[in-house]
Amino acid sequence: MNLHRLVRGVIPLVNPDQEVVILRSTGYTVDDTGRQMPQYAEQVTVRAQVQPVPETVLQHVEGYNQNSMYRNMYLMGDWTGLSRATGQGGDLVYWDGFAWLVDQVPEAWDPTAGWTLIRVVRQGLEAQPLGGITHA
């Protein structure tokens, strides 16, 4: 039984879905000075449930920086490609005026429940999608 499907209509009443833009990384190229330049193949706009990451979870994050801002984003569909563990990392999410780097894919329930949980960490200053980004 897919419990998520049963309650999906009520979830946005409690915590409204938010629009996020995802840039899928295709790796890097190297410029004339030897600097790596990230490349992105596509930009996709999706709806997400954005929530804070519990402090108890962050205490166990390797390399956790207390000055960083982390968020959990529940996305409809299969977003397991946003995974550093499989060498597919480097994907960016634009939300709330900032770029957020996908840190982890803690839960992938697309085959059964139709959603994926990603954890993101905010990157630097305010940014806009496509701002200074080279697409492959």
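**Exercise 1.** Determine whether R119 is buried or exposed, and identify the salt bridge that R119 forms.

*Solution.* Begin with the accessibility classes, in which buried means under 20% relative accessible area, exposed means over 50%, and partly exposed lies in between, with a 1.4 Å probe and protein chains only. At 7% relative accessibility, R119 counts as buried. Next apply the salt-bridge criterion, a side-chain nitrogen of Lys or Arg within 4 Å of a carboxyl oxygen of Asp or Glu; by this rule the count comes to one salt bridge. The partner of R119 is D103, and the closest N and O atoms of the two are 2.3 Å apart. This pair links distant parts of the chain, R119 being in strand 6 and D103 in strand 5, 16 residues apart.

Two conditions apply to each exercise here. The model is predicted, so that local features need pLDDT of at least 70 and side-chain atom pairs count only at pLDDT 80 or more, whereas totals for chains, interfaces and linings use all residues. Residues are numbered from 1 along each chain as its sequence is written, and side-chain values use heavy atoms, with hydrogens and water left out.

**Exercise 2.** Work out how strand 4 is paired and which way its side chains point.

*Solution.* Two strands pair if DSSP finds at least two bridges between them. Strand 1 (residues 18-30) pairs with strand 4 in the antiparallel sense over three bridges, and L23 stands opposite L92 in strand 4. Strand 5 (residues 98-108) also pairs with strand 4 in the antiparallel sense, over four bridges, and here the bridge partner of L92 is L101. The hairpin of strand 4 and strand 5 has two residues between the strands, and D96 takes a positive phi near 60° in this hairpin. From strand 4 (residues 92-95), L92 and Y94 point one way while V93 and W95 point the other way, and all are buried. In a regular strand the side chains alternate between the two faces of the sheet.

**Exercise 3.** Count the aromatic pairs and classify the one formed by W95 and W100.

*Solution.* Rings of Phe, Tyr and Trp (its six-membered ring) pair if their centres lie within 6.5 Å, with planes under 30 degrees apart counted as stacked, over 60 as edge-to-face and the rest as tilted. By this rule there are two aromatic pairs. W95 and W100 form a tilted one, 5.4 Å centre to centre with 50° between the planes. W95 is buried at a relative accessible area of 12%, and W100 is buried at 1%.
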